Amino acid sequence: MIGEMVFKTWRLGLLTLLTATMLLSGCEGAAVEPTNEVVSATAIEAERVATTNSVASITTATIAELLDKSTTKEDVRAAFGQPSYIGKSVYWVGDDLVHTEIWRYDQAPQGYSYEWGDNQGAIDLDGLISRKLNAQLLLYWSEEGKLLDAIYYYRDSNGKLQTLLPALRLSQSSSSTDNRIAREEGLRIGSSVRVQNGFDTTRLPEGADNAVAFRAVPGRTYRLAALTEHFAQLIEVREGEGWYDGWVPVWTLTDEAAPIKEQAAERWRADKAGASIYWQPTDDAEARSLEPGERLLVVGASGDWRAVIVEEAAQAALPRIVWVKDEGDALVSESKLQGLFDSAEAAYPLVRAVVYHYVREGVAKAKLAHLLGKPQAVERSGNVRSTGEPMETLTRWRYESDSAELLIDWSSEDKVASFRLSPREEGQPYTAEQPLLWQADSDLAYNFFIGRTDRALLISGEDGGFSGMHYDSNVYALDPETGRKLWQRDLGYENDRYMFSPDRRVMAVHIPTGAADEGQRHERLEVLDTSSGKSLWTLDRELADDTIDVSYQLAGDTIAMLYTTGEFDHPSTHRSFIEAYALRDGGKRWTRELEQVGSLVPTLVATDQLLIQYSGLTGVSIGREVVAYDPSTGEESWRKEGQAAQLLGWVENFNFEARALDNKPNRLWMMDAAEWTWIDMSTGQSLARLSRGPDKGYEIVDDRYAVQLTTKDGSELAYGGEVTSAWIELASGQTKWTAPGRLDSAIVVDDAVYARVDGKLQRLRLSDGQRQWESKLNYGGRLQWFDGHLLSAVPSGIVVIDPQSGEALYRMAGTGSGAYDAIAHWQMRAQLTALDGKLYIGSDNGLFSVADRLAKLPAAPANR
């Protein structure tokens, strides 16, 4: 899918046995395929069950005999009785998050009890060490009753605390008694330990499901929680963060691990049979044999051992450090690695291994530049600060090969701030420089084209937040020839509080301010010359403190303010008043109290009539009415009873442009109980009608066509359901053709319809809907036509597409589409605007760009 390029989110393999109840509380750093997100802890629901005497039958022998993947709950109850404690949690199994039931068996004196919390795991490790209890067994069950995993803590004949992991998710059962290094080094469960070199801990000690838990670093103390034959489980409790745990080869806890030397990246190949990889650099830790042809990334050395990462072609496992012996002729060196992305053939398995080991938060640019080579594009990141703070963007290096894409964002100190790696899909376009007339900087991340005069381009800026996270909106003007900022008005946490005359030369801005006196509400409306930003006149109004709603509309040469007073929760007290002022100088034209409570219908561009919806303050209410008034006199022009005018542009499965960006603002979709009606606002005449129903939805394509979505089974229309799309001619109301799937974002160019259909781009014949091509890739965002090509504004940028074949030709360097979670429909359209031979490109990185032509490139891959 074309979209924001991020690493696949590798869900951590096993919710490790001591901390199954604290799901992923410590996923840290850039080690998880790689990402630097931290996932919050998950709460636990638990219930106590009476202890039985059958726990005495639990031994290492009975566990080895009973517990395997076929074991049922009934088998366990028959052998061990009822569990002492049952807890409910969640558990990663590969890429699937499953709900689990945890059974705990306590071999303890009468009266023993234990409940886990934020700073301790499901096992009572302190109690075991202090001998409050003799042993504990944990069993992890899926919702289907399948035994997922188990761990047993017990004391051997010498009184030493030991652990046993049955062969459920390991290749074979493994016990701390098998751990030679721990025995020789005197490492005991429960003791404090340190790693001698930085090392990524994993959620399982071995196997393909080895997602990284956290990075263990020298100088930090960890608790040794469990042992298998070759691995040690480490625990760390971080103040304010929770419980971290993961497995490392036990050798990393010994002094021998201290002198590991990092070496320049080198690629080796298994040339013949006879070589093996090892969990740690000891002869008794063989993991498996290498197959001839397998490739290794060599990253370090210890004596005659080499630290390597296997290039997993199947990507069944995440990268991890393992070891090979540097002896014999089974392994041969292919090359030293430098300029990895200088070639388009840099393979994803190799890139994945390189990024896993070398690209981490805080690594200096100088260290990576030689290894990775010159980036294919130098761009700018999106805003890295929270809304409410000044925008900050970072320099971004974009690397692309045939199969891999790597993005690195650099801090002001030229160190890795964040990074994202993803495999590239077949047909995914390369990035290329887009010729621009100019590019301008904004104070806010998201920027949308809202209009143009011969002397100014008018741009809306947003911080991208919504609800309580939205702090800043603005509107500003740029010189059309140079991009120089002419003026700017900051709107604070309010947005969309501006209106334009049809020629865009005059703009009215509603600026709420603090009350001048107690018991009053201050409202300010400022009318500006859009070329200079100079104030033409200002309306300051002190309204009563019980004012609960204020709306504005620009119509003809008049601007109106409508306000409602009363107690918000008592509609019977609500009264609405309207005041009309001359747009030229602010002179009052007329004022009156309305016949009932209402709101002005907002439009971006002035209309011919003032339009009031009488429906209270709670949105649409069928059975009320919409009334148009002459803006100069206040006389009624027309009335639509039982109608409602939507005050938003994206509601009830009906997509339309409520705040027209073109110069045809006198059109409005309204609704009654049975249908949608397209109204000429000047006359009140109906232009088109579309039937309503819970199983139907619409997207208005343009003045001629609409797409109707209908559920196949007649159920209520919802996102993700199976639908059929019908192409409707608005003038006649006729269905011209139908197509399976959800058709959206359609545009019409000559005799072709370009649209997304269930995520894929399609070209359809306008006359009958016959499909002429379908894209290989999935696309999001809006479509636009410019310079003879199809453009798609996807989250990762603007993609240029061959309209004859559907092939993605290139991605425009430095672009970001400017979409966010609560984006309005008109803003989606304004991400990418083609008007009179110019392309206006909004963004999510504080840039606004203008182009007058596209780059002329050969077909991929020659255009890299």
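Predicted model: local features only at pLDDT ≥ 70, side-chain atom pairs only at ≥ 80, totals over all residues.
Modeller: Let's start with a cut-off: a residue counts as buried when its relative accessible area is under 20%, and as exposed when it is over 50%.

Biologist: Thanks! Then why is Ser-745 called buried?

Modeller: Ser-745 has a relative accessible area of 4%. The limit is under 20%, so Ser-745 is buried. Ser-745 sits in strand 53, residues 743-749.

Biologist: What makes the phi of Ser-745 worth a remark?

Modeller: The phi of Ser-745 is near 55 degrees, a positive value in a residue that is not glycine. Most residues other than glycine have a negative phi.

Biologist: And what is the phi of Arg-131?

Modeller: Arg-131, again a residue other than glycine, has a positive phi near 65 degrees. Arg-131 lies in the loop between helix 3 (125-129) and strand 4.

Biologist: How do you know whether Arg-131 is buried or exposed?

Modeller: The relative accessibility of Arg-131 is 53%. Exposed means over 50%, so Arg-131 counts as exposed.

Biologist: Why does Gln-784 count as buried?

Modeller: Gln-784 comes out at 18% relative accessibility. As the cut-off is under 20%, Gln-784 is therefore buried. Gln-784 belongs to strand 57, residues 783-786.

Biologist: Which residues does Gln-784 touch?

Modeller: Leaving aside residues up to four places away in sequence, Gln-784 touches Ile-747, His-789, Leu-790, Leu-791, Leu-832, Thr-833 and Ala-834. Ile-747 is 37 residues apart from Gln-784 along the chain, and their C-alpha atoms are separated by 7.3 Å.

Biologist: Why is Thr-603 called buried?

Modeller: Thr-603 has 6% relative accessibility. The requirement is under 20%, so Thr-603 is buried. Thr-603 is in the loop between strand 39 (599-600) and strand 40 (610-614), and its side chain reaches the backbone oxygen of Val-605 at 3.0 Å.

Biologist: Let's turn to helix 2. Which of its residues are buried?

Modeller: In helix 2, residues 73-80, the buried residues are Lys-73, Val-76 and Phe-80.

Biologist: How do you know on which side of helix 2 they lie?

Modeller: They cover an arc of only 65 degrees around the axis, which puts them on the same side of helix 2. Glu-74 and Ala-78 are exposed on the other side of helix 2. The cover over the buried residues of helix 2 includes helix 1 (60-66), strand 3 (96-107) and strand 4 (135-142).

Biologist: What follows helix 2?

Modeller: Gly-81 follows helix 2, with a positive phi near 80 degrees.

Biologist: How do you know that both faces of strand 9 are covered?

Modeller: In strand 9, residues 199-202, Phe-199 and Thr-201 are buried on one side, and Asp-200 and Thr-202 are buried on the other.

Biologist: What makes strand 9 and strand 10 a pair?

Modeller: Four bridges join strand 9 to strand 10 (residues 212-216). Pairing takes at least two bridges, so the two strands pair, and they run antiparallel. Asp-200 stands opposite Arg-215 in strand 10.

Key
Residues numbered from 1 in each chain as written. Heavy atoms only, no water. Buried < 20%, exposed > 50% of the residue type's maximum accessible area, 1.4 Å probe, protein only. Arc of directions from axis to C-beta. Contact = heavy atoms within 4.5 Å. Polar contact = N/O pair within 3.5 Å; in protein donor to acceptor, adjacent residues only side chain to side chain.
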